[in-house]
Amino acid sequence: MRNVLFLLLLFVASDLAVATEIRRIWLTHKSNDPSRIVVNWMSESAGDSVVRFGLTTDYDKTVRVDETTTLHHVEIPLEHRDAVYHYSVSSGDQRSKDATFKAYPSDELRIAIVADWQSKPDLSAIQNDDVHLLMTAGDNIANLFPACGEGTKDCVKPYAALIDAYPDLFRSTPFMPALGNHDRQIRPRGKMPPEEAVYDIDATAFRRFFELPGDEWKWHFDIPQFDLRVIALDFNHISDFGTTWQTCHRFDEASPQFLWYQQQMANPPGFVVTLYNERNASIRNQANKQWHDLFRRGTCCVTGYGYFAERAEVDGFPYYNSSLSGSGAQYRDPHSKFLAGEDSYLLLTLQRSGEMAVKIKSLSGDELDHQSYKQRESTR
């Protein structure tokens, strides 16, 4: 009888182990190459990292990383456009259910850009837009220290909570965030700069959690079939630079960031969208207005600095502000053309014919502003 009970318990324990489901999954890109994607996930116990994938649930391809970790990042190759990929991840006896994502298209590309994600609102409108890529203009979380403890730099709990709030969205849509000040806040800000740094300038937790191209605190991503480059820069609270409130990397004309962006814009593709998390009117005047001169070589800039929706135009160049929390104080741009106190996001739609539509949309799906931009000629 004891042997029977022992075998029964062993069977139940084994069955429970196999049934452990991995639920926290998100997709990113770490290569500047849309034919490769990173599948990221967290497992309850440490194990290896395996992704099975293909055009059906037969999963005819497998990528395995022999490691022992609970935070997994596995890059897989994509051989097809205009296709739906199926995939499942596993770590030891833990595994996920089947999930799907769209490969990049041939004729029409849709990208959503959001910012100020602290309130975790309903994003059904974005899911209804059936986007191929989700990007941000910063402030993806409220801050780090309440969940992680003051001064802790590598804790990813707030980012994990973000993924948990939208499990279907993140496991089906590649996600490429830009940095905001809240994304690296490791201590309370207070009324005066304290003795210790309030922000982790290196954004340790952000870079640990997300797999992004290049330095990760700044990055660029190209989709050549639509002649598009998206660039994320590290601008936020630039007036606090040099104090213990400093949050971003240098941005002067001799800084590595400026020189890198200058190189990216030396011979840009037909469309360039630049993302950051600082007030447009402030950053375009930096480095003797050289930032504005560089921005104008692209198509538009998008920030999530203020809690409102806005389109401004300076020298014919558009500067956007968008926020998922759009009912705050409005820091109107001196060159504002459209302004609304609406919870909003941007929807970019690119056609192979050489046109990009930029819509400011409310979270109820209403179109608030609509502009179209032509592909610029380049010598690329």
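Reader: What relative accessibility does Asp 130 have, and how does it count?
Author: Asp 130 has 37% relative accessibility and counts as partly exposed; buried is under 20% relative accessible area, exposed is over 50%, and partly exposed lies in between (1.4 Å probe, protein chains only). This is a predicted model, in which local features need pLDDT of at least 70 and side-chain atom pairs count only at pLDDT 80 or more, while totals for chains, interfaces and linings use all residues. Residues are numbered from 1 along each chain as its sequence is written, and side-chain values use heavy atoms, with hydrogens and water left out.

Reader: Which side chain meets Asp 130 in a salt bridge?
Author: That of Lys 102, at 3.0 Å from N to O; a salt bridge is a side-chain nitrogen of Lys or Arg within 4 Å of a carboxyl oxygen of Asp or Glu.

Reader: Where do Lys 102 and Asp 130 lie?
Author: Lys 102 is in strand 6 (residues 99–102) and Asp 130 is in the loop between helix 2 (124–128) and strand 8 (133–136), so the pair ties together parts 28 residues apart in sequence. Helices (H or I, at least four residues) and strands (E, at least two) are DSSP runs, numbered from the N terminus.

Reader: Which residues are linked with Lys 102 and Asp 130 in a network of salt bridges?
Author: Glu 108 and Arg 110 belong to that network.

Reader: Changing topic, are Arg 229 and Asp 222 buried or exposed?
Author: Both Arg 229 and Asp 222 are buried, and their side chains meet in a salt bridge of 2.9 Å, N to O.

Reader: How many salt bridges does a search of the whole structure find?
Author: The search finds 20.
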